[in-house]
Amino acid sequence: MRGRFIAIEGLDRSGKSTQCDRLVAHLTETTGNKTHLFKFPDRSTPMGQIINQYLTSGVALSDQAIHLLFSANRWERIEDIKALLEKGENVVLDRYYISGIVYTQAKGLERQWCTNPDLGLPVPDITLFLTVSPEVASQRGAYGEERYEKIAFQKRVAALFHEVAQRNCITVDASGTEEEVANAINQCVETVQIGEALDKFSGL
Ligand code: Z5A
Ligand code: MG
């Protein structure tokens, strides 16, 4: 049987990376199978390095160009992800195509245009959306250092995320302690049914 394929989405500083690490440990222990973490953007690849420069050092790129790079960054890792799943190993994603779509749409581009480059990517068995108010997120470590970390922009992203999450995600309140959030995530993950074939992303 193929491995579990789980994505964690959410706003900046909602605790995604913290919870992804905990989920990897939980799945390794409870399923007995290897569990791998992929973080998007993956800043280690050639495209990821350009994305990192855009996010951290003010390198100028059009909204369209950076959007396509974020999507290409997912496509450049997808064969590795599929191979692991087919071997029966689990994969946890720290952000995926929903982040890709809503962050660019929040800049004013059309939903369909934002969706097109990601069409055909494999759909996770479950996508968890971590909710926390932008005000709470802004009090968590290191907020404000990257390009998108402004409360007005995060509010637009949050509104889009909430709308999309209703149809595509299980929403998890991430304002509690790390332990409370981890317990809620583990409960959601335990209920997931794993089909043999992965669906292809066809729109939100
Ligand atoms: N982006 C995009 O535009 N298009 C795309 O296709 C993709 C991404 C994939 C960088 O993403 C930017 O790229 C992001 C979206 C855009 N926007 N911005 N800016 P990223 O994933 O690399 O980085 P991030 O999400 O901005 O931040 P983050 O640091 O990864 O946040 P996080 O993973 O959600 O949070 P964390 O690192 O787990 O926790 C943050 C802090 O809070 C840390 O000090 C923790 O110890 C603390 N924390 C965590 N959980 C708790 C709880 N429960 N209570 C209290 N404190 C906590
Ligand atoms: Mg993170």
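Student: What is the relative accessibility of Arg13?

Tutor: This is a predicted model, in which local features need pLDDT of at least 70 and side-chain atom pairs count only at pLDDT 80 or more, while totals for chains, interfaces and linings use all residues. Residues are numbered from 1 along each chain as written, chains are lettered from A and ligands numbered from 1 in written order, and side-chain values use heavy atoms, without hydrogens or water. Arg13 counts as partly exposed, a class between buried (under 20% relative accessible area) and exposed (over 50%), using a 1.4 Å probe and protein chains only. Its value is 27%.

Student: Where is Arg13 found, and what is its phi?

Tutor: Arg13 is in the loop between β1 (5-10) and α1; helices (H or I, at least four residues) and strands (E, at least two) are DSSP runs, numbered from the N terminus. Most residues other than glycine have a negative phi. Arg13 is not a glycine, yet its phi is positive, at about 60 degrees.

Student: Which residues come nearest to ligand 1?

Tutor: Ligand 1 has 27 residues around it, each with a heavy atom within 4 Å.

Student: How far is a polar side-chain atom of Lys16 from an oxygen atom of ligand 1?

Tutor: Polar contacts are pairs of N or O atoms within 3.5 Å; within protein, one must be able to donate a hydrogen and the other to accept it, and residues adjacent in sequence count only if both atoms are side-chain atoms. An oxygen atom of ligand 1 lies 2.8 Å from a polar backbone atom of Ser17, and a nitrogen atom of the ligand is 3.4 Å from one of Glu178. For the side chain of Lys16, the distance is 2.6 Å.

Student: Which peptide bond is cis, with omega near 0 degrees?

Tutor: Most peptide bonds are trans. Look in the loop between β2 (35-39) and α2 (46-57), where Pro41 is found. The cis bond runs from Phe40 to Pro41.
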